[in-house]
Amino acid sequence: MSSILLDVAGVRVHFPERGGSWFGPRRTIRAVDGVSFQLERGESLGLVGESGSGKSTTARVVAGLQTPTAGAVRLHGQLFGPRAPRSVRRHVQMVFQDPYASLDPRRPIGWTVEELLAVHGLLKPRQRRLRVLAALDACGLEALYVHRYPHELSGGQRQRVAIARALVAEPELLVCDEPTSALDVSVRAQIVNLLCELRERFELALLFVSHDLAVVRRVCEQVAVMYLGHVVELAPRSQLFDAPRHPYTRALLAAIPRGDPEHPAPHVALLGEPPSPMHPPSGCVFHPRCPRAGDVAGERCAREFPKSVERGDALVACHLDQP
Ligand code: SF4
(Lines give C-alpha, C1' and ligand atoms only; values in the text may rest on other atoms or scores of the structure.)
Protein backbone atom coordinates (compact mmCIF):
# COMPACT_ATOMS: atom_id res chain seq x y z
CA MET A 1 0.00 0.00 0.00
CA SER A 2 1.30 3.48 -0.91
CA SER A 3 2.51 5.56 2.00
CA ILE A 4 0.93 8.68 0.43
CA LEU A 5 -1.87 9.81 2.71
CA LEU A 6 -2.83 13.09 1.07
CA ASP A 7 -2.44 14.10 -2.56
CA VAL A 8 -3.26 17.69 -3.47
CA ALA A 9 -3.07 18.01 -7.25
CA GLY A 10 -3.38 21.28 -9.19
CA VAL A 11 -5.92 22.80 -6.78
CA ARG A 12 -7.41 26.14 -7.79
CA VAL A 13 -9.94 28.18 -5.83
CA HIS A 14 -11.37 31.17 -7.70
CA PHE A 15 -14.17 33.28 -6.19
CA PRO A 16 -16.32 35.86 -7.94
CA GLU A 17 -15.83 39.28 -6.39
CA ARG A 18 -18.48 39.90 -3.72
CA GLY A 19 -21.03 42.49 -4.82
CA GLY A 20 -19.28 43.07 -8.15
CA SER A 21 -17.65 46.19 -9.46
CA TRP A 22 -19.55 49.48 -10.02
CA PHE A 23 -18.09 50.01 -13.45
CA GLY A 24 -17.72 46.59 -14.97
CA PRO A 25 -18.32 42.88 -14.76
CA ARG A 26 -17.63 40.92 -11.60
CA ARG A 27 -13.95 40.16 -11.30
CA THR A 28 -12.44 36.87 -10.17
CA ILE A 29 -10.36 36.49 -7.03
CA ARG A 30 -7.71 33.83 -7.66
CA ALA A 31 -7.19 32.77 -4.04
CA VAL A 32 -5.39 29.52 -4.88
CA ASP A 33 -3.97 29.01 -8.35
CA GLY A 34 -2.64 25.54 -9.01
CA VAL A 35 -1.28 24.17 -5.73
CA SER A 36 0.14 20.63 -5.56
CA PHE A 37 1.82 18.71 -2.74
CA GLN A 38 1.69 15.35 -1.03
CA LEU A 39 1.80 14.23 2.58
CA GLU A 40 2.82 10.81 3.83
CA ARG A 41 1.43 9.18 6.94
CA GLY A 42 2.67 10.95 10.07
CA GLU A 43 4.42 13.67 8.06
CA SER A 44 4.14 17.39 8.82
CA LEU A 45 4.02 20.18 6.24
CA GLY A 46 4.01 23.88 7.04
CA LEU A 47 2.32 26.39 4.72
CA VAL A 48 3.85 29.84 5.08
CA GLY A 49 3.46 33.18 3.31
CA GLU A 50 2.08 36.68 3.77
CA SER A 51 -1.63 37.43 4.28
CA GLY A 52 -3.55 36.77 1.07
CA SER A 53 -1.09 34.13 -0.16
CA GLY A 54 -3.86 31.50 -0.19
CA LYS A 55 -2.57 29.32 2.65
CA SER A 56 -5.79 29.35 4.73
CA THR A 57 -7.94 28.68 1.65
CA THR A 58 -5.67 25.75 0.78
CA ALA A 59 -6.11 24.46 4.35
CA ARG A 60 -9.91 24.67 4.05
CA VAL A 61 -9.83 22.72 0.79
CA VAL A 62 -7.64 20.01 2.37
CA ALA A 63 -9.98 19.84 5.38
CA GLY A 64 -12.94 19.27 3.05
CA LEU A 65 -14.64 22.57 3.95
CA GLN A 66 -14.25 24.14 0.53
CA THR A 67 -14.74 22.68 -2.94
CA PRO A 68 -11.88 23.57 -5.31
CA THR A 69 -12.70 25.25 -8.61
CA ALA A 70 -10.28 22.85 -10.31
CA GLY A 71 -7.83 20.14 -9.33
CA ALA A 72 -8.38 17.42 -6.75
CA VAL A 73 -7.63 16.37 -3.19
CA ARG A 74 -7.25 12.64 -2.57
CA LEU A 75 -7.02 10.82 0.73
CA HIS A 76 -5.56 7.32 0.39
CA GLY A 77 -6.20 7.69 -3.34
CA GLN A 78 -9.93 8.47 -2.92
CA LEU A 79 -11.42 11.83 -3.90
CA PHE A 80 -11.90 13.97 -0.80
CA GLY A 81 -14.03 17.07 -0.26
CA PRO A 82 -17.26 18.39 1.28
CA ARG A 83 -19.24 15.60 -0.42
CA ALA A 84 -17.04 12.71 0.68
CA PRO A 85 -18.81 10.21 2.95
CA ARG A 86 -18.66 11.05 6.67
CA SER A 87 -16.76 7.83 7.32
CA VAL A 88 -13.94 9.24 5.15
CA ARG A 89 -14.22 12.88 6.28
CA ARG A 90 -13.65 12.01 9.92
CA HIS A 91 -10.04 11.13 9.02
CA VAL A 92 -9.27 14.82 8.46
CA GLN A 93 -9.99 17.31 11.25
CA MET A 94 -9.29 21.01 11.54
CA VAL A 95 -8.14 23.26 14.38
CA PHE A 96 -8.96 26.94 13.84
CA GLN A 97 -7.19 30.14 14.79
CA ASP A 98 -9.73 31.44 17.30
CA PRO A 99 -10.71 28.75 19.81
CA TYR A 100 -13.44 30.93 21.33
CA ALA A 101 -15.23 31.37 18.00
CA SER A 102 -14.91 27.67 17.20
CA LEU A 103 -16.59 26.47 20.45
CA ASP A 104 -20.32 26.75 21.17
CA PRO A 105 -20.61 29.16 24.15
CA ARG A 106 -23.95 27.59 25.23
CA ARG A 107 -22.66 24.03 25.54
CA PRO A 108 -20.42 22.44 28.15
CA ILE A 109 -17.05 21.18 26.92
CA GLY A 110 -17.98 17.50 27.26
CA TRP A 111 -20.96 17.99 24.93
CA THR A 112 -18.88 19.92 22.39
CA VAL A 113 -16.18 17.25 22.20
CA GLU A 114 -18.67 14.37 22.13
CA GLU A 115 -20.75 16.00 19.38
CA LEU A 116 -18.22 15.07 16.71
CA LEU A 117 -18.54 11.37 17.60
CA ALA A 118 -22.34 11.64 17.48
CA VAL A 119 -22.27 13.43 14.10
CA HIS A 120 -20.11 10.66 12.64
CA GLY A 121 -22.21 7.94 14.33
CA LEU A 122 -19.18 6.58 16.13
CA LEU A 123 -19.38 4.43 19.28
CA LYS A 124 -22.14 3.90 21.84
CA PRO A 125 -22.89 6.69 24.35
CA ARG A 126 -20.85 5.17 27.21
CA GLN A 127 -17.86 4.50 24.95
CA ARG A 128 -18.16 8.00 23.56
CA ARG A 129 -17.82 9.48 27.02
CA LEU A 130 -14.73 7.41 27.72
CA ARG A 131 -13.27 8.54 24.37
CA VAL A 132 -14.02 12.19 25.26
CA LEU A 133 -12.23 11.83 28.60
CA ALA A 134 -9.24 10.19 26.87
CA ALA A 135 -9.05 13.00 24.27
CA LEU A 136 -9.22 15.70 26.96
CA ASP A 137 -6.58 13.86 28.99
CA ALA A 138 -4.29 13.63 25.93
CA CYS A 139 -4.63 17.41 25.65
CA GLY A 140 -3.74 17.98 29.31
CA LEU A 141 -7.29 18.63 30.59
CA GLU A 142 -8.73 16.81 33.59
CA ALA A 143 -12.13 15.08 33.59
CA LEU A 144 -13.80 17.95 35.49
CA TYR A 145 -13.50 20.11 32.34
CA VAL A 146 -16.42 18.23 30.72
CA HIS A 147 -18.81 20.33 32.85
CA ARG A 148 -17.17 23.68 32.15
CA TYR A 149 -18.23 26.24 29.54
CA PRO A 150 -15.90 28.01 27.08
CA HIS A 151 -16.18 31.36 28.92
CA GLU A 152 -14.81 29.71 32.08
CA LEU A 153 -11.57 28.73 30.33
CA SER A 154 -8.40 30.61 29.38
CA GLY A 155 -7.42 31.00 25.71
CA GLY A 156 -4.87 28.18 25.99
CA GLN A 157 -7.41 25.84 27.63
CA ARG A 158 -9.95 26.63 24.90
CA GLN A 159 -7.42 25.75 22.22
CA ARG A 160 -6.70 22.48 24.08
CA VAL A 161 -10.45 21.73 23.95
CA ALA A 162 -10.52 22.51 20.22
CA ILE A 163 -7.60 20.12 19.69
CA ALA A 164 -9.30 17.44 21.83
CA ARG A 165 -12.45 17.82 19.72
CA ALA A 166 -10.39 17.34 16.54
CA LEU A 167 -8.61 14.36 18.06
CA VAL A 168 -11.63 12.52 19.43
CA ALA A 169 -12.56 11.05 16.03
CA GLU A 170 -9.03 9.56 15.74
CA PRO A 171 -8.13 11.39 12.51
CA GLU A 172 -5.09 10.61 10.37
CA LEU A 173 -4.56 14.23 9.34
CA LEU A 174 -4.88 17.36 11.45
CA VAL A 175 -5.16 20.68 9.60
CA CYS A 176 -4.17 23.58 11.86
CA ASP A 177 -4.86 27.13 10.64
CA GLU A 178 -2.77 29.59 12.68
CA PRO A 179 -3.55 27.65 15.89
CA THR A 180 -1.39 29.84 18.12
CA SER A 181 -1.75 33.32 16.67
CA ALA A 182 -4.82 34.27 18.78
CA LEU A 183 -3.10 33.14 22.00
CA ASP A 184 -0.95 35.00 24.51
CA VAL A 185 2.75 34.62 23.83
CA SER A 186 3.14 32.78 27.16
CA VAL A 187 0.90 29.87 26.11
CA ARG A 188 1.89 29.61 22.44
CA ALA A 189 4.88 27.38 23.19
CA GLN A 190 2.68 25.05 25.29
CA ILE A 191 0.22 24.55 22.42
CA VAL A 192 3.04 24.03 19.92
CA ASN A 193 4.63 21.43 22.24
CA LEU A 194 1.25 19.73 22.67
CA LEU A 195 0.76 19.45 18.90
CA CYS A 196 4.26 17.98 18.49
CA GLU A 197 3.61 15.43 21.28
CA LEU A 198 0.22 14.41 19.86
CA ARG A 199 1.62 14.04 16.37
CA GLU A 200 4.28 11.65 17.60
CA ARG A 201 1.99 9.73 19.95
CA PHE A 202 -0.84 9.19 17.45
CA GLU A 203 1.30 9.19 14.24
CA LEU A 204 -0.76 12.09 12.96
CA ALA A 205 0.02 13.86 9.72
CA LEU A 206 -0.10 17.63 10.13
CA LEU A 207 -0.81 20.47 7.72
CA PHE A 208 0.22 23.54 9.67
CA VAL A 209 -0.62 27.02 8.40
CA SER A 210 1.27 29.86 10.03
CA HIS A 211 2.93 33.16 9.32
CA ASP A 212 5.27 32.45 12.26
CA LEU A 213 8.33 30.87 10.68
CA ALA A 214 9.91 30.04 14.04
CA VAL A 215 6.88 27.91 14.98
CA VAL A 216 6.85 26.22 11.57
CA ARG A 217 10.54 25.39 11.98
CA ARG A 218 9.77 23.74 15.32
CA VAL A 219 6.72 21.74 14.14
CA CYS A 220 7.16 20.84 10.45
CA GLU A 221 9.51 18.54 8.54
CA GLN A 222 8.57 20.01 5.15
CA VAL A 223 7.73 23.63 4.36
CA ALA A 224 5.81 25.06 1.40
CA VAL A 225 6.14 28.80 0.75
CA MET A 226 3.07 30.36 -0.86
CA TYR A 227 2.83 33.63 -2.76
CA LEU A 228 -0.36 34.93 -4.38
CA GLY A 229 -1.99 31.49 -4.63
CA HIS A 230 1.12 29.60 -5.81
CA VAL A 231 3.65 27.38 -4.03
CA VAL A 232 6.96 28.99 -5.01
CA GLU A 233 9.22 26.69 -2.99
CA LEU A 234 8.67 23.38 -1.19
CA ALA A 235 11.59 21.87 0.67
CA PRO A 236 12.65 19.90 3.75
CA ARG A 237 12.88 22.16 6.81
CA SER A 238 16.68 22.19 7.10
CA GLN A 239 17.17 22.97 3.43
CA LEU A 240 14.54 25.70 3.37
CA PHE A 241 15.80 27.50 6.46
CA ASP A 242 19.55 26.99 5.88
CA ALA A 243 19.75 27.31 2.09
CA PRO A 244 16.57 28.90 0.69
CA ARG A 245 16.54 29.07 -3.12
CA HIS A 246 13.56 31.19 -4.18
CA PRO A 247 14.01 34.99 -3.90
CA TYR A 248 10.69 35.27 -2.02
CA THR A 249 11.70 32.61 0.52
CA ARG A 250 14.97 34.48 1.06
CA ALA A 251 13.11 37.73 1.63
CA LEU A 252 10.69 36.11 4.11
CA LEU A 253 13.53 34.55 6.10
CA ALA A 254 15.52 37.79 6.06
CA ALA A 255 12.53 39.52 7.67
CA ILE A 256 12.74 37.32 10.80
CA PRO A 257 14.27 39.40 13.60
CA ARG A 258 17.51 37.87 14.91
CA GLY A 259 18.57 38.20 18.51
CA ASP A 260 22.26 38.37 17.64
CA PRO A 261 23.32 41.89 16.55
CA GLU A 262 26.80 40.51 15.67
CA HIS A 263 25.25 38.32 12.95
CA PRO A 264 22.29 40.19 11.47
CA ALA A 265 20.28 38.55 8.71
CA PRO A 266 21.38 39.43 5.18
CA HIS A 267 19.18 42.22 3.90
CA VAL A 268 16.92 41.23 1.01
CA ALA A 269 14.73 44.01 -0.28
CA LEU A 270 11.07 43.14 -0.73
CA LEU A 271 9.47 45.95 -2.68
CA GLY A 272 5.96 47.19 -1.89
CA GLU A 273 2.85 45.25 -0.89
CA PRO A 274 1.63 41.95 -2.37
CA PRO A 275 -0.59 42.59 -5.42
CA SER A 276 -4.31 41.86 -5.31
CA PRO A 277 -5.33 38.30 -6.22
CA MET A 278 -7.92 39.98 -8.50
CA HIS A 279 -5.09 41.42 -10.61
CA PRO A 280 -2.24 38.91 -10.50
CA PRO A 281 0.83 40.14 -12.42
CA SER A 282 1.75 38.50 -15.73
CA GLY A 283 4.54 35.93 -15.88
CA CYS A 284 6.04 35.20 -12.47
CA VAL A 285 3.52 36.64 -10.00
CA PHE A 286 6.38 37.77 -7.77
CA HIS A 287 8.18 39.80 -10.47
CA PRO A 288 6.99 43.33 -9.51
CA ARG A 289 8.58 42.86 -6.05
CA CYS A 290 11.46 40.54 -6.86
CA PRO A 291 14.97 41.91 -6.22
CA ARG A 292 16.39 39.36 -8.73
CA ALA A 293 13.99 39.90 -11.65
CA GLY A 294 16.58 42.08 -13.42
CA ASP A 295 19.05 39.15 -13.42
CA VAL A 296 16.89 37.18 -15.86
CA ALA A 297 17.46 38.10 -19.50
CA GLY A 298 14.79 39.33 -21.90
CA GLU A 299 12.26 40.38 -19.23
CA ARG A 300 11.27 36.74 -19.10
CA CYS A 301 10.02 37.12 -15.50
CA ALA A 302 7.28 39.52 -16.65
CA ARG A 303 6.26 37.31 -19.58
CA GLU A 304 6.59 33.68 -18.59
CA PHE A 305 5.27 31.79 -15.58
CA PRO A 306 8.16 29.73 -14.12
CA LYS A 307 7.51 26.01 -13.83
CA SER A 308 8.14 24.27 -10.53
CA VAL A 309 11.24 22.09 -10.94
CA GLU A 310 13.14 19.68 -8.68
CA ARG A 311 16.38 21.07 -7.29
CA GLY A 312 17.85 18.47 -4.94
CA ASP A 313 15.11 17.67 -2.43
CA ALA A 314 13.32 20.97 -3.13
CA LEU A 315 10.75 22.12 -5.68
CA VAL A 316 11.40 25.69 -6.84
CA ALA A 317 9.48 27.93 -9.26
CA CYS A 318 11.97 30.54 -10.49
CA HIS A 319 13.58 31.20 -13.88
CA LEU A 320 16.94 31.64 -12.12
CA ASP A 321 16.77 28.11 -10.79
CA GLN A 322 16.05 25.98 -13.84
CA PRO A 323 18.20 22.88 -14.56
FE1 SF4 B 1 12.21 36.65 -9.33
FE2 SF4 B 1 12.11 36.04 -11.92
FE3 SF4 B 1 12.59 34.15 -10.14
FE4 SF4 B 1 10.16 35.26 -10.29
S5 SF4 B 1 11.17 34.03 -11.86
S6 SF4 B 1 11.28 34.83 -8.45
S7 SF4 B 1 10.67 37.38 -10.78
S8 SF4 B 1 13.89 35.91 -10.61
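Among contacts in the chain between residues at least 6 apart in sequence, what percentage join residues at least 24 apart? The answer is 63%, where contact means heavy atoms within 4.5 Å.

Before the close-ups, please note that this is a predicted model, in which local features need pLDDT of at least 70 and side-chain atom pairs count only at pLDDT 80 or more, while totals for chains, interfaces and linings use all residues. Residues are numbered from 1 along each chain as its sequence is written, and side-chain values use heavy atoms, with hydrogens and water left out.

Figure 1. Helices (H or I, at least four residues) and strands (E, at least two) are DSSP runs, numbered from the N terminus. Along its principal axes, the C-alpha trace spans about 70 × 55 × 50 Å. Of the 323 residues, 48% count as buried; buried means under 20% relative accessible area, exposed over 50%, and partly exposed in between (1.4 Å probe, protein chains only).

**Figure 2. The largest nonpolar core, with 63 residues.** A nonpolar core is a set of buried Ala, Val, Leu, Ile, Met, Phe, Trp, Tyr and Cys residues joined through side-chain atoms within 4.5 Å. In soluble globular proteins, nonpolar side chains tend to be buried together. Here, Leu-136, Ile-163, Leu-174, Phe-208 and Val-219 touch the most other members. Helix H7 (residues 185-202) gives the most to this core, with seven residues. Look around Leu-136 to find Ile-109, Val-113, Leu-141, Val-146 and Ala-164, which Leu-136 touches when residues up to four places away in sequence are not counted. Apart from this core lies another, of 32 residues, among them Val-8, Ala-63, Val-175 and Leu-234.

**Figure 3. Arg-188 in helix H7.** Is Arg-188 buried or partly exposed? At 27% relative accessibility, Arg-188 counts as partly exposed. Leaving aside neighbours within four places in sequence, Arg-188 is in contact with Thr-180, Ser-181 and Leu-183. Now look for His-319, which is 131 residues from Arg-188 along the chain. The C-alpha atoms of these two residues are separated by 38 Å.

**Figure 4. Ser-36 in strand S2 (residues 28-40).** Ser-36 has 40% relative accessibility and counts as partly exposed. With neighbours within four places in sequence set aside, Ser-36 is in contact with Val-8, Ala-9, Gly-10 and Leu-234. Val-8 and Leu-234 are also among the residues of the core of 32. Leu-116 is 80 residues from Ser-36 along the chain, and their C-alpha atoms are separated by 29 Å.

**Figure 5. Leu-123 and Glu-178, loop residues with positive phi.** Leu-123 sits in the loop between helix H4 (109-119) and helix H5 (125-138). Phi of Leu-123 is near 65 degrees, a positive value in a residue other than glycine. With 32% relative accessibility, Leu-123 counts as partly exposed. Glu-178 sits in the loop between strand S7 (173-177) and H7, and phi of Glu-178 is near 50 degrees, again a positive value in a residue other than glycine. At 10% relative accessibility, Glu-178 counts as buried.
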